[in-house]
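I opened my notebook to get to know a new structure. Come along and look with me.

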Amino acid sequence: VLFLATGAEEVGLAGMIYFLKKYKKELPKKETYIINIDNVGSGGIKYITEEGMLGKFRASSELLSLAESVAKSMNIEVGARPYRTMPTDATACLARGYKAMSIMAFADGAIPNWHWSTDVYENVSEENLKKASGFVLEIVRGLSSQSYLNSQ
């Protein structure tokens, strides 16, 4: 498990693209799963089924299946939805053939406080962060279980 905080997302996903290029040999596409956590500070948590502005990139079927299963088993309100507004770091991964999926949060169909003066620490929900991180942790646990990997 590797945790990565990329930079330069807003200028064309430069941080993620650089990372994928630099570590291409260490990240075999058949064995690498990428979960992008983006804008989960407030709103309803969603796992993204497809993304991309011009081209449409479907999230990894394994990750989607596992996300659905984890949401049910945790008995939490986490849903599925497409995101076509802007590219994310996962878009760069999906476009290059990696198994990826984004986790994001929305209110009234949009990312709350996104690039507004209200995008401040005081408007970040600790409960939302706990919910998103717990959800992602259970997906990672599911990926690491032999029974899940052997069934794919």
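**A first walk through the model**

I began in a loop: histidine 115 lies between E5 and helix H4 (126-144). I kept in mind that this is a predicted model. Histidine 115 has a phi near 60°, a positive value in a residue other than glycine. Is histidine 115 buried or exposed? I found it exposed, because its relative accessible area is 53% and the cut-off for exposed is over 50%.

Next I looked up asparagine 39, in the loop between strand E1 (33-37) and E2. Its phi is also positive, about 60°, although asparagine 39 is not a glycine. At 29% relative accessibility, I noted asparagine 39 as partly exposed.

**Rings**

How many aromatic pairs are there? I counted three. In one of them, the ring centres of phenylalanine 19 and tyrosine 23 are 5.2 Å apart and the planes stand at 40°, so I wrote this pair down as tilted. Phenylalanine 19 is buried at 13% relative accessibility, whereas tyrosine 23 is partly exposed at 32%.

I then turned to tyrosine 83 and phenylalanine 106, whose ring centres lie 5.8 Å apart with planes at 50°, so this pair is tilted too. Tyrosine 83 belongs to strand E4 (residues 79-83) and phenylalanine 106 to strand E5 (residues 99-106), so the pair ties together parts that are 23 residues apart in sequence. Both tyrosine 83 and phenylalanine 106 are buried.

Which residue lies over the face of phenylalanine 106? I found arginine 81 there, at 3.9 Å from the ring centre. I also noted the charged end of lysine 29 over the ring of tyrosine 98, 5.5 Å from its centre.

**A patch on the surface**

I looked for nonpolar side chains on the outside and came to Met53, Leu54 and Met86. They form a nonpolar surface patch with about 340 Å² of accessible area together. Leucine 54 is in the loop between strand E2 (44-51) and strand E3 (57-58). With a relative accessible area of 86%, leucine 54 is exposed.

**Helix H2**

My last stop was helix H2 (residues 61-74), which has 14 residues. From first C-alpha to last, H2 reaches 20 Å, close to the 20 Å expected at 1.5 Å a residue. Which residues of H2 are buried? I listed Glu62, Leu63, Leu64, Leu66, Ala67, Val70 and Ala71. After H2 comes asparagine 75, with a positive phi near 55°.

Definitions and conventions: Residues are numbered from 1 along each chain as its sequence is written. This is a predicted model: local features need pLDDT of at least 70, side-chain atom pairs count only at pLDDT 80 or more; totals for chains, interfaces and linings use all residues. Side-chain values use heavy atoms; hydrogens and water are left out. Rings of Phe, Tyr and Trp (its six-membered ring) pair if their centres lie within 6.5 Å; planes under 30 degrees apart count as stacked, over 60 as edge-to-face and the rest as tilted. Buried means under 20% relative accessible area, exposed over 50%, partly exposed in between (1.4 Å probe, protein chains only). Helices (H or I, at least four residues) and strands (E, at least two) are DSSP runs, numbered from the N terminus. A charge sits over a ring if NZ of Lys or CZ of Arg is within 6 Å of the ring centre and within 35 degrees of the ring normal. Patches are made of residues with over 30% relative accessible area and no salt bridge: like charges are joined within 9 Å, nonpolar side chains (Val, Leu, Ile, Met, Phe, Trp, Tyr) within 5 Å. Accessible areas come from the Shrake-Rupley method with a 1.4 Å probe; for residues, only the protein chains shown count as cover. A salt bridge is a side-chain nitrogen of Lys or Arg within 4 Å of a carboxyl oxygen of Asp or Glu. The expected span of a helix is 1.5 Å times one less than its number of residues.
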